[in-house]
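Here are some notes for a first look. Please keep the structure open while you read.

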Amino acid sequence: MLAKRLQTYLIDTTCQLDNVSLVICYDDISNYSNFLAKQNVLIDTWFFDGFSPAKNPDMWSECLFKHCFELTAPNGRFATFTAASFVRRHLINAGFTVQKRKGFGSKREMLVGYK
């Protein structure tokens with residue numbers, strides 16, 4: 001089980017409901033992208049929440065999104081509350097299909113997409 005393998009690597013929360021398993025990992029993605037690749041695991045859904053691009057530029061790099069794209073299952077999806085144009089371009093250049101949507105709360109717009 002992925003959650004058990006991640007426990008030594010990350011702090012995680014796991015929820016099982018019927019045939020759906022939700023594993024929430026709290027960590028810097030650069031700490032575990034290589035680990036996930038070695039586990040032969042593909043991610044169905046990403047939520048990119050790395051604070052604003054100005055405060056945490058490493059979270060929003062094209063290189064990181066390329067690693068995420070490689071680890072994404074066919075038709076896998078992502079969402080992020082940021083709508084910065086350079087983030088959108090990085091996601092597109094990584095291979096994702098990207099759409100801008102109406103945001104939530106004080107966020108005017110957000111990005112969603114799929115592989």
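1. Which residues of H4 are buried? This is a predicted model. In it, the buried residues of H4 are Val87, His90, Leu91 and Ala94. They lie on the same side of H4, because they cover an arc of only 95° around the axis.

2. H4 spans residues 85-94. Its buried residues pack against S3, H3, S4, S5 and strand S6 (109-114). After H4 comes Gly95. The phi of Gly95 is positive, near 120°.

3. Now the sheet. It is open and has 4 strands, in the order S3-S4-S6-S5. The pairing is mixed. Strand S3 (43-48) and strand S5 (97-102) are the edges, and each pairs on one side only. On average, neighbouring strands are turned by 15° against each other, direction ignored.

4. S3 pairs with strand S4 (residues 72-80) in the parallel sense, over 5 bridges. Phe47 has Ala79 in S4 as its bridge partner.

5. Then the core. The largest nonpolar core holds 20 residues. Those with the most contacts inside it are Trp46, Phe48, Phe65, Phe78, Leu91, Phe96 and Leu111. S3, helix H3 (62-70) and H4 each supply at least two residues. H3 gives the largest share, 4 residues.

6. Finally, Leu111. Leaving aside residues up to four places away in sequence, Leu111 touches a list of residues including Phe78, Ala79, Val87, Leu91 and Val98. Val87 and Leu91 are also among the buried residues of H4.

Definitions and conventions
Residues are numbered from 1 along each chain as its sequence is written. This is a predicted model: local features need pLDDT of at least 70, side-chain atom pairs count only at pLDDT 80 or more; totals for chains, interfaces and linings use all residues. Side-chain values use heavy atoms; hydrogens and water are left out. Two strands pair if DSSP finds at least two bridges between them. Axes are lines fitted to C-alpha atoms, for helices over the stretch in contact, and angles run from 0 to 180 degrees between N-to-C directions. A nonpolar core is a set of buried Ala, Val, Leu, Ile, Met, Phe, Trp, Tyr and Cys residues joined through side-chain atoms within 4.5 Å. Buried means under 20% relative accessible area, exposed over 50%, partly exposed in between (1.4 Å probe, protein chains only). Contact means heavy atoms within 4.5 Å. The arc is that of the directions from the helix axis to the C-beta atoms.
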